[in-house]
Amino acid sequence: MPATIPEADSFLKLAENLGELEVVIGPKARPVVAEVRAGLRDAMACRERGDLPGALAAIERAMQRLAALGTQLDPAEGAMMRSLAQHFSQALSAGLKGEAKVAVNAMKSKAGDPEGGDDGNQW
C-alpha cells in the first residue's frame, strides 16, 4: 500500500465538477452526484486521519457509484467508468502514482472538468 494518495484538491475539484453532470443529465443525477461528493469528502477525511485504506475504499466506492450512473445512461460509458475506477484503485494499491493520475484525470474529464482533468497537482 502506498504511503500517499493524490492531493485532496484533485478529488475536491472532481466533487465540485460533478455539478456539470446534473446539468447534462438532469434531476435524476442529483442524488448520485450527492453520494459521490459525500464519498469523496469521506475519502479526504480518512486521509486526514491517516486512514489510507479507508480513503482508498471511499474513493473506489464513489467512483463505482459514478460508473453505475453512467451505466444507466449509456452502458458503454458505464463500463468505461468502472474500468477507470478499477484501474485507479489497482494503480494506487500497487504504488503506481503516474498510472493512478492518468485514471483520475480521465475520470475528472468524464465528470465535466473543463480543463480535461489535468490540474497540475503533484502526487
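Buried means under 20% relative accessible area, exposed means over 50%, and partly exposed lies in between (1.4 Å probe, protein chains only). Keep that scale handy for this tour of a predicted model, where local features need pLDDT of at least 70, side-chain atom pairs count only at pLDDT 80 or more, and totals for chains, interfaces and linings use all residues. Residues are numbered from 1 along each chain as its sequence is written, and side-chain values use heavy atoms, with hydrogens and water left out.

**Stop one: the core**

Select Leu18, Val36, Leu40, Met63, Phe88 and Met107, the residues with the most contacts inside the largest nonpolar core, which has 30 residues. Such a core is a set of buried Ala, Val, Leu, Ile, Met, Phe, Trp, Tyr and Cys residues joined through side-chain atoms within 4.5 Å. Now colour α1 (8-17), α3 (30-48), α4 (52-73), α5 (75-93) and α6 (97-110), the elements that each give two or more residues to this core. The largest share, nine residues, comes from α4. Helices (H or I, at least four residues) and strands (E, at least two) are DSSP runs, numbered from the N terminus.

**Stop two: the salt bridges**

There are two salt bridges to visit, each a side-chain nitrogen of Lys or Arg within 4 Å of a carboxyl oxygen of Asp or Glu. Show arginine 65 and glutamate 35 first: their closest N and O atoms are 2.9 Å apart. Arginine 65 lies in helix α4 and glutamate 35 in helix α3, so the pair ties together parts 30 residues apart in sequence. Arginine 65 is partly exposed at 26% relative accessibility, and glutamate 35 is partly exposed at 41%.

Next, select aspartate 42 and arginine 61, whose side chains meet in a salt bridge (3.8 Å, N to O). Here aspartate 42 in helix α3 is linked to arginine 61 in helix α4, 19 residues apart. Aspartate 42 is partly exposed, at 32% relative accessibility.
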